[in-house]
Amino acid sequence: MEIESVVGELKTHDLVNDQRFAEIFVREKLSFKPMGRQRLFFELIKRGIAKELAKVAVEGIGEEELREALRERLRERAKRLSAPRAEKQEKLLRFLFSRG
């Protein structure tokens, strides 16, 4: 019972907040390791966030913001690849698919 009381106390001070965690998680992923909405949604679910909260957090991402984050990551990735053009394009496509 002690654990429940500690968690309850943390929640009353807004130190345990799944919605806030989900929103911060999405922003951080976009900044450092961009991925698509569906993958972000499933990453949140995997971390124990309720589907409704995960959906709200993912829907909060602007379409242009998401595209720009993925474009930037793709540019960085393309600079590091040294392969013939066709092979480079194939690797970049696989990279995009892996991001969801």
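The crossing of helices α2 and α3 is right-handed; a crossing is right-handed if the near helix is turned clockwise from the far one by less than a right angle, and left-handed if anticlockwise. Helices here are DSSP runs of H or I with at least four residues, numbered from the N terminus. The contact is made by Phe21, Ala22, Phe25, Val26 and Lys29 of α2 together with Leu40, Glu43 and Leu44 of α3, where contact means heavy atoms within 4.5 Å.

Before I continue, please note that this is a predicted model, in which local features need pLDDT of at least 70 and side-chain atom pairs count only at pLDDT 80 or more, while totals for chains, interfaces and linings use all residues. Residues are numbered from 1 along each chain as its sequence is written, and side-chain values use heavy atoms, with hydrogens and water left out.

Two packed helices are described by the angle between their axes and the distance between the axes. For α2 and α3, the angle is about 135 degrees and the axes are 11 Å apart. Axes are lines fitted to C-alpha atoms, for helices over the stretch in contact, and angles run from 0 to 180 degrees between N-to-C directions. The two helices α2 and α3 are therefore oblique to each other. As for the cut-offs, angles under 35 degrees count as roughly parallel, over 145 as roughly antiparallel, 65 to 115 as roughly perpendicular, and the rest as oblique.

The axes of α2 and α4 come within 9 Å and cross at roughly 40 degrees, so α2 and α4 are oblique to each other. Their crossing is right-handed. On the α2 side the contact is made by Asp18, Gln19, Ala22, Glu23 and Val26, and on the α4 side by Leu53, Val56, Ala57 and Val58.

Not counting residues up to four places away in sequence, glutamine 19 touches Leu53, Val56 and Ala57.

We now come to the core. A nonpolar core is a set of buried Ala, Val, Leu, Ile, Met, Phe, Trp, Tyr and Cys residues joined through side-chain atoms within 4.5 Å. The largest one has 14 residues, and those with the most contacts inside it are Val26, Leu40, Leu44 and Ile61. The elements that give two or more residues to this core are α2 (18-32), α3 (37-46), α4 (51-59) and α5 (63-80). Helix α2 gives the most, with four residues.

Which residues does leucine 40 contact, leaving aside its neighbours within four places in sequence? They are Phe25, Val26, Lys29, Met35, Val58 and Ile61. Lysine 29, placed in helix α2, is in contact with Pro34, Met35 and Leu40, with the neighbours within four places again left aside. The C-alpha atoms of lysine 29 and alanine 69 are separated by 9.6 Å, although these residues are 40 residues apart along the chain.

Two arginines follow. Arginine 73 is found in helix α5 and, at 19% relative accessibility, counts as buried. Beyond residues up to four places away in sequence, arginine 73 touches Phe32, Pro34, Phe95 and Arg99. Arginine 39 lies in helix α3 and counts as partly exposed, at 25% relative accessibility. From C-alpha to C-alpha, arginine 39 and serine 98 are 9.0 Å apart in space and 59 residues apart in sequence.

Finally, the aromatic rings. Rings of Phe, Tyr and Trp (its six-membered ring) pair if their centres lie within 6.5 Å; planes under 30 degrees apart count as stacked, over 60 as edge-to-face, and the rest as tilted. By this rule the count comes to two aromatic pairs. The rings of phenylalanine 41 and phenylalanine 42 have centres 5.4 Å apart and planes at 75 degrees, so this pair is edge-to-face. Phenylalanine 42 is partly exposed, with a relative accessible area of 48%.

Definitions and conventions. Buried < 20%, exposed > 50% of the residue type's maximum accessible area, 1.4 Å probe, protein only.
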